[in-house]
Amino acid sequence: MIPAGIAGQRVIELGCGTGYVSAWLARAGARVVGVDVSARQLETARALRDEFGLGFALVQADAGRVPCRDGVFDFAISEYGASLWCDPHQWIPEAARLLTPGGRLVFLRPSPLFAMCLPEHGQVRTELLRPLFGLRRLEWERGATEFNLPHGELIGLLRENGFEVEKLLELAAPEGDPGTRWFSDDSTVEPGWARQWPTEEIWKVRRAV
Ligand SMILES: C[S@@+](CC[C@H](N)C(=O)[O-])C[C@H]1O[C@@H](n2cnc3c(N)ncnc32)[C@H](O)[C@@H]1O
């Protein structure tokens, strides 16, 4: 997900967690700000950043309301941060505000198909457990709240906020992948499922000039 030519660019990671994506970007020469809502995650991110001698900023904020000026970033990224845990109707307009015209946004999220086939506990199923229409906010029994929009609705939201979709990558498990993959808590994805249907997807979009 780290694009070529990132050196010198102003980058924001939305929902940076422990900051390893911010670290990759900083190592590649970008000027990075990692944003996360959790003080504890930022504590870990700070400790790791300092241990490895990397220079990037860390800011505690909700990805839907980031305390930075308009149009100051060339590139925004979210790897299972805002892209999963924050309402897209809040963080996507915010990403558009933060990016310069022509700026790029890349995010990784679970696919809507995966969200429709994932039970509360156990393996992802080969049947649809919830409808596509109305898919938006997923409240799990374990207390987590996640977000997932159907493709059409997400494209509409991106376009309303001035983004052009450049690429949607639907990820397949590699051939020969032997093991069970843990997704979250006790939910698992067998490689057999993930070779036939996308568990995750990467969106590459650009703010119109
Ligand atoms: C699973 S981590 C992924 C981040 C990173 N890629 C990692 O693996 O460490 C999700 C992060 O999103 C953060 N997060 C959740 N909701 C957020 C929000 N509304 N604004 C900013 N960060 C948020 C959480 O605090 C957590 O650190």
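Q: In which strand is the place of Thr100?
A: Helices (H or I, at least four residues) and strands (E, at least two) are DSSP runs, numbered from the N terminus. Thr100 belongs to strand E5, which covers residues 99-110. The model is a predicted one, where local features need pLDDT of at least 70, side-chain atom pairs count only at pLDDT 80 or more, and totals for chains, interfaces and linings use all residues. Residues are numbered from 1 along each chain as its sequence is written, and side-chain values use heavy atoms, with hydrogens and water left out.

Q: Does Thr100 count as buried or exposed?
A: Buried means under 20% relative accessible area, exposed over 50%, and partly exposed in between (1.4 Å probe, protein chains only). Thr100 counts as buried because its relative accessibility is 18%.

Q: Which residues is Thr100 in contact with, leaving aside its neighbours within four places in sequence?
A: A contact means heavy atoms within 4.5 Å. With those neighbours set aside, Thr100 is in contact with Arg10, Gly71, Phe73, Asp74 and Arg207.

Q: Which residues of helix H1 are buried?
A: An α-helix has 3.6 residues a turn, so residues three or four places apart point the same way. Helix H1 spans residues 20-27, and its buried residues are Val21, Ser22, Ala23, Leu25 and Ala26. They pack against three strands: E1 (10-14), E2 (31-36) and E4 (73-79). Just after H1 comes Gly29, with a positive phi of about 100 degrees.

Q: Where is Arg49 found, and what does its side chain reach?
A: Arg49 is found in helix H2, residues 39-51. Its relative accessible area is 16%, so Arg49 is buried. A polar contact is a pair of N or O atoms within 3.5 Å; within protein, one must be able to donate a hydrogen and the other to accept it, and residues adjacent in sequence count only if both atoms are side-chain atoms. The Arg49 side chain makes such a contact with the side chain of Asp50 at 3.0 Å, and it reaches the backbone oxygen of Phe56 at 2.7 Å. Not counting residues up to four places away in sequence, Arg49 touches Leu54, Phe56, Ala57 and Leu58.

Q: How many residues surround the ligand, and which are the closest?
A: A residue is near a molecule if one of its heavy atoms lies within 4 Å of it. The ligand has 17 residues around it, the closest being Thr18, Asp36, Gln41, Ala63 and Glu79. A polar backbone atom of Thr18 is 3.0 Å from an oxygen atom of the ligand. A nitrogen atom of the ligand lies 2.8 Å from a backbone N or O atom of Ala63. In Glu79, a side-chain N or O atom is 2.5 Å from a nitrogen atom of the ligand.

Q: How far apart are Asn161 and Pro93 in sequence and in space?
A: Asn161 and Pro93 are 68 residues apart in sequence, while their C-alpha atoms are 5.8 Å apart. Asn161 is in the loop between helix H6 (151-160) and strand E9 (163-170). Apart from neighbours within four places in sequence, Asn161 is in contact with Ile92, Pro93 and Ala96.

Q: In which helix is the place of Pro112?
A: Pro112 is in helix H5, residues 112-117. At 5% relative accessibility, Pro112 is counted as buried. Its C-alpha atom is separated by 8.5 Å from that of Thr199, 87 residues apart along the chain. Beyond neighbours within four places in sequence, the contacts of Pro112 include Leu132, Leu135, Asn148 and Glu201.
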